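Here are my notes for you, as numbered points. Keep the viewer open while you read, and look up each residue as it comes along.

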Amino acid sequence: MTTERIHVFKRFERFWHWSQAALIIFMMVSGFEVHGAYKLLGFKSAVELHTIAAWSLITLWVFAVFWHFTTGEWKQYIPTMEKVDAMFKYYLTGIFTHVPHPFRQTTLTKHNPLQRLAYLFFMLVISPVIWFSGWFYLFYADWSAWGVDKYLSLEWVAFFHTTGAFMILIFFIAHIYLATAGHTPLAHIKAMITGWEEV
Amino acid sequence: MSSRTRIALSALVAGAALAVLTAFATTAPAPVVAAKPGAAGTTAPAVPAATGEKKESISTADHSKFKELQKEFKSGPEVTKACLTCHTEAAKQIQKTQHWTWEFLNPDTKQTLGKKHIINNFCTAVESNQKFCTACHIGYGWEDQKFDFTKQENVDCLVCHESTGTYRKIPGLSGHPPYKDMEFPPHTGKIVKAPDLAKVAQSVGKTSRANCGACHFYGGGGDAVKHGDLDSTLKNPGKYLDIHMDKKGLNFTCGTCHMTAGHKVPGSRYAPTAADIKDAAPHLRGKMVTTNPATCQACHGAKPHPAKMARLNDHTSKLACQTCHIPEYARGQPTKMSWDWSTAGKLTPEGKPFKVQGSDGHDAYDSKKGNFTWESHVIPEYIWFNGKVDYTLSDTKLDPTKVVQINRFEGSPNDGKSLIWPVKVFHGQQPYDTVNKTLIVPHTFGADDSAYWTNFDWDKSLAEGMKVAGIPYSGQYGFVKTEMSWPITHMVAPKADALSCAQCHSKNGRLKGVQGIYMPGRDSNKMLDIFGWGIALLALIGVLIHGGIRIITRKHEG
């Protein structure tokens, strides 16, 4: 099998990925502290830094959304069911018996079908849950001015925000692990740093 | 250095050291000897003269130049008559107030309250004990039910307006100061001097902290007994104790907040303003306001924290300012926390009453009153409070199997009128009628043979107290546990000492028992936590197993 190097991750995309990774990890750490799971930064610092990180991530996302639409990269996330079963089969058995990966990356299709579904789920389900609940959490004092205090309770806003946080944590665990499932354990990670992937 | 100079030097050093030591030896004991105001216990103590350098008065009247006051006064009422020659409306104003009537009709609950009517769990009740209790009445001569509340010269102007610190009303004199030197408390050898009434009258001015404090710091029968946030340390407080009254800082008097007009003092614990959060700057000059000027919000508004601490403003719809800004009460000296009347009456083998001092120097036992406990730097209890207080009065049926709430603070997280308030809860055990199931008015003070403090006979004391008060009494008594709540609102700490976030936002924080709010850090949905952490753990185990198999299968290949 011939290998060839393709440039899959542009410079902005890599910057976006790693800064987002840092922010999300930090928000998990500070967020679960606010939730009362442990003491690390101190409640006050955890709240303040979590808020700052949230605004930073919002800013980053504004740029990322703009980038995806201007470059047409958003098309990478259009879902497909093609080869999804093959991907499952690969992760369940093929990966152990070293059969060839059922998906071949190109610059136009840099995500495998499972990735596409997972990232779409992240964007359409997890993100709205965490962002909407987080937004109301942050602007708790303005509920009455907005006229929503009759419909919201902090208990439920916190419930959904925590639900979103757990989904991100689970996504994060799977994501980190699957990042090692390239043709060598570090291949995907190197690609995310350098932009180049061997296919 | 020659040996001679060495000797001279060491002599010099030794001499200097000796001089320093002597100086310390003579000055050190001074504070110990210094009189401790209010140490005498159940007294309305002397008002000390204003300390510190004397400021130039801004008043347009120097009362020492008034010829009406330049004569010898034989009694308090005589002084009042002199006051009224100019201040023609003053007594009429006073006579309309709670300070005079000791009566308060709660417009909300329709209960008739006030010192004249309620039975508390400190000294319990005024009725039949007026001669003693009215040392804190702003009048002269209220010794029994025949007191004339309409007589203008019965009003005591001096106790609130004099500034010499020599005018002191003694319990037992029905509101009069001593007109000749007397021993007080009895059998202690301490002499209370009769004040020079002319000098006292000439000293009058605006009411100071010490004037209000002469009674309000000593409520419940002694310094710091009752409130926990009002005691003699507020006469000359530092910044630590009270950010507003700080002698070297804002130097507020009581009246700066309790903004008095026409002798009507606003701010009442019978009908407190629990939530005052509607307006941003309610007491702007020129604005017609009828709201309580003594609340924090009256000056600070509803969103008092600056923009960089805006999140703190998110708390003002649920928390009283006092909850964070008065982190502890009794920060100046210990306050009484409990009073058990049921153990009163133990006497020495000679049949004399006695006192036992606790380790902190405060009375732990007094034959006249029973057992006490004292605490300082007390963390308040926190409750939802909407300003409505419901009293157990002399005709309220009580349930002796439960702790009787002398005053029940109402409130709920959902009524839209409550905030979380800090309170002092004072625990008592006091006599009640076991047949009629009511609290009892004991007759404690007097030279007669039924007064408890003279004869230590509950049967006689309770029968007499109830007879005078006109309340039915079966003659059967027991002791019931009682609780009385006091809102904590004075002694506001500097902002650096306010509660920090985690003191409440944690699993075992201050607001642990307060229901009806979701507090991040304290609360969470238990099911969600189990599912969330559970699935995350399963995911972790899953990837570890998957990865493990990958490593094993690779090794087999190798």
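1. A word you'll need first: two residues are in contact if their C-beta atoms, placed from the backbone, lie within 7 Å. With that in hand, look at where the chains meet: chain A brings 23 residues to the contact and chain B brings 26 residues. On the side of chain A that touches chain B, the elements giving two or more residues are α2 (43-71), α3 (84-97) and α6 (154-178) of chain A. Which of them gives the most? That's α6(A), with twelve residues. Sorted by class, this side of chain A has 15 nonpolar, six polar and two charged residues.

2. Keep in mind that this is a predicted model. Its scores are ipTM 0.93 and pTM 0.87. For chain B the mean pLDDT is 90, and 88% of the residues in chain B reach 70 or more. Go carefully with residues 15-53 of chain B, though: the pLDDT there is below 50, and the stretch has 52 contacts in the model beyond near neighbours in sequence.

3. Now chain A by itself. Count up its secondary structure and you get seven helices and two strands. Starting at the N terminus, the order is β-α-α-α-α-α-α-α-β. The C-alpha atoms of chain A fill a box of roughly 65 × 35 × 30 Å along the principal axes. Of the 199 residues in chain A, 18% are buried. If you take the contacts in chain A with a separation of 6 or more, 69% of them join residues 24 or more positions apart.

4. On to chain B, which is split into domain 1 (37-49 + 66-275 + 320-503) and domain 2 (523-549). Notice that domain 1 of chain B is written as several pieces of the sequence. How many Å separate the centres of domain 1 and domain 2 of chain B? Taken over C-alpha atoms, it's 60 Å.

5. Next, the largest nonpolar core, with its 67 residues. The members that touch the most other members are L419(B), I420(B), W421(B), I440(B) and V441(B). Strand β12 (residues 419-433) of chain B gives the most to this core, namely six residues.

6. Some strand pairing to trace in chain B. Strand β10 (residues 389-391) and strand β11 (residues 404-409) of chain B pair in the antiparallel sense over three bridges. Here D390(B) stands opposite R408(B) in β11(B). β11(B) also pairs with strand β14 (residues 477-487) of chain B, in the parallel sense and again over three bridges. In that pairing, V404(B) has T482(B) in β14(B) as its bridge partner.

7. Last stop: L230(B), in the loop between α9 (209-216) and α10 (254-257) of chain B. Is L230(B) buried or exposed? L230(B) counts as buried, because it has 24 C-beta neighbours inside 10 Å, and the cut-off for buried is 20 or more. Leaving out residues up to four places away in sequence, L230(B) touches H216(B), F217(B) and H490(B). Compare D144(B), which is 86 residues from L230(B) in sequence and 29 Å away in space, C-alpha to C-alpha.

Definitions and conventions: Residues numbered from 1 in each chain as written. Chains lettered and ligands numbered in written order. Predicted model: local features only at pLDDT ≥ 70, side-chain atom pairs only at ≥ 80, totals over all residues. Helix = DSSP H or I, 4+ residues; strand = E, 2+ residues; numbered from the N terminus. Nonpolar A, V, L, I, M, F, W, Y, C, P; charged D, E, K, R; others polar. Core = buried A, V, L, I, M, F, W, Y, C linked by C-beta atoms within 7 Å. Buried ≥ 20, exposed ≤ 12 C-beta atoms within 10 Å, placed from the backbone. Domains from an automatic or database assignment. pLDDT = per-residue confidence, 0-100. Pairing = 2+ DSSP bridges.
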